[in-house]
Amino acid sequence: MSEALTTILPLDGLQSLGSGPLYLKLRQSLEDAIRTGRLGHGDALPAERDLADYANVSRVTVRKAVDDLVRDGLLTRRHGSGTFVVKPLSRVEQPLTKLTSFTEDMARRGLVSRSEWLERGLFHPSPEEMMMLGLAPGTMVARIGRLRFGNDMPLAIERASISAEFLPDPTSVTGSLYAELEKKDARPVRAIQRISATNMKKADAALLEVPIEAAGLSIERVSYLASGRVVELTRSLYRGDAYDFVAELSLGDI
Ligand code: 16G
């Protein structure tokens, strides 16, 4: 085993460390390495087999220790690439009074935004899309599904439906959806947003790199043009540990 690993994880004598299950001792050693910074945020954990050999424990023990740390949000498993130390997030404060786009929100905070595509194309609308977007029979709907990142941190899953009348070619959206709609004079000017609490299901948790059942914010945004027509129906799932939505209240007439 590399010398670096012995400095990062001084596991010698794990077996002789007091009583209690081995996996808890290994968990504790890994947690100490993370908390003291010997294992840095974003660092990859050694492969399960290497860790088992190194710590002289079974792979089942390693898996249990790692599972525990994944559940507690200190480690994250990325499909195909391994297990990593989670980077702590500084929470994003999002005012609820401005109709801004994700790209603008990130830029205002000095974060670089990017997206990974989950879905992008023209589809026959669902009955709900027909109703919400006020679509005439026979018209198509553009669907834009994205995993959205701020400084390479997955922050939200957004699935937008837009009438094909306003977005006939969804592949034209390469960056900001609102910038693309603006080009077509169809950027929304008003929106109603509904936010509710949720717990992440397995697939969403994996995309957002959080433990299953982690807290999330489920957001539905219905956006309107000045004419009153609905232009966008977007369902989003935001990481609960990354976002604070802030509303300003004032004393109005009772
Ligand atoms: C925001 C909106 C979303 C909109 C997107 C456009 C919320 C909850 N959602 O994320 O409805 O589609 O911005 O962003 O705020 P874009 O112009 O960067 O693609």
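Helices (H or I, at least four residues) and strands (E, at least two) are DSSP runs, numbered from the N terminus. That is the naming used in the legends here, and the model they describe is a predicted one.

**View 1. Ala247, past strand E10.**
Ala247 turns up in the segment that follows strand E10 (243–246). How far is the C-alpha atom of Ala247 from that of Ile34? The two C-alpha atoms are separated by 35 Å, and the residues are 213 apart along the chain. Ala247 counts as partly exposed because its relative accessibility is 46%, and partly exposed covers what falls between under 20% for buried and over 50% for exposed.

Have a look around the ligand: 15 residues surround it, and the closest are Thr103, Glu158, Ser176, Arg221 and Glu232. Sorted by type, the shell splits into five nonpolar, five polar and five charged residues. Helix H5 (102–108), strand E5 (141–150), helix H7 (177–183), strand E8 (215–224) and strand E9 (230–239) each bring at least two residues to this shell. Which element gives the largest share? That would be E9, with three residues.

Zoom in on the oxygen atoms of the ligand. A polar side-chain atom of Glu158 is 2.4 Å from a ligand oxygen, and a polar side-chain atom of Ser176 is 2.5 Å from an oxygen atom of the ligand. With Phe102 the backbone takes part: one of its polar backbone atoms is 3.0 Å from an oxygen atom of the ligand. On its own the ligand would expose 460 Å², and the protein buries 99% of that.

**View 2. Tyr238 and Phe245, an aromatic pair.**
Searching the whole structure gives one aromatic pair. Are the two partners buried or exposed? Tyr238 is buried, at a relative accessible area of 8%, whereas Phe245 counts as partly exposed at 21%.

**View 3. Charges over rings.**
The charged end of Lys64 sits over the ring of Tyr23, at 4.4 Å from the ring centre. Over the ring of Phe149 you'll find the charged end of Arg114, 3.9 Å from the centre.

Glu129 belongs to helix H6 (residues 127–133). What does its side chain touch? The Glu129 side chain makes a polar contact of 2.6 Å with the side chain of Ser161. A polar atom of the Glu129 side chain also lies 2.9 Å from the backbone nitrogen of Ser126.

Most residues other than glycine have a negative phi. Asn56 isn't a glycine, yet its phi is positive, at about 60°. Asn56 is placed in the loop between helix H3 (48–55) and helix H4 (59–71), and its 58% relative accessibility makes it exposed. Glu213 also has a positive phi, near 75°. Look for Glu213 in the loop between helix H8 (202–208) and E8. With 53% relative accessibility, Glu213 counts as exposed.

Notes. Residues are numbered from 1 along each chain as its sequence is written. This is a predicted model: local features need pLDDT of at least 70, side-chain atom pairs count only at pLDDT 80 or more; totals for chains, interfaces and linings use all residues. Side-chain values use heavy atoms; hydrogens and water are left out. A residue is near a molecule or strand if one of its heavy atoms lies within 4 Å of it. A polar contact is a pair of N or O atoms within 3.5 Å; within protein, one must be able to donate a hydrogen and the other to accept it, and residues adjacent in sequence count only if both atoms are side-chain atoms. Accessible areas come from the Shrake-Rupley method with a 1.4 Å probe; for residues, only the protein chains shown count as cover. Ala, Val, Leu, Ile, Met, Phe, Trp, Tyr, Cys and Pro count as nonpolar, Asp, Glu, Lys and Arg as charged, and the others, Gly among them, as polar. Rings of Phe, Tyr and Trp (its six-membered ring) pair if their centres lie within 6.5 Å; planes under 30 degrees apart count as stacked, over 60 as edge-to-face and the rest as tilted. Buried means under 20% relative accessible area, exposed over 50%, partly exposed in between (1.4 Å probe, protein chains only). A charge sits over a ring if NZ of Lys or CZ of Arg is within 6 Å of the ring centre and within 35 degrees of the ring normal.
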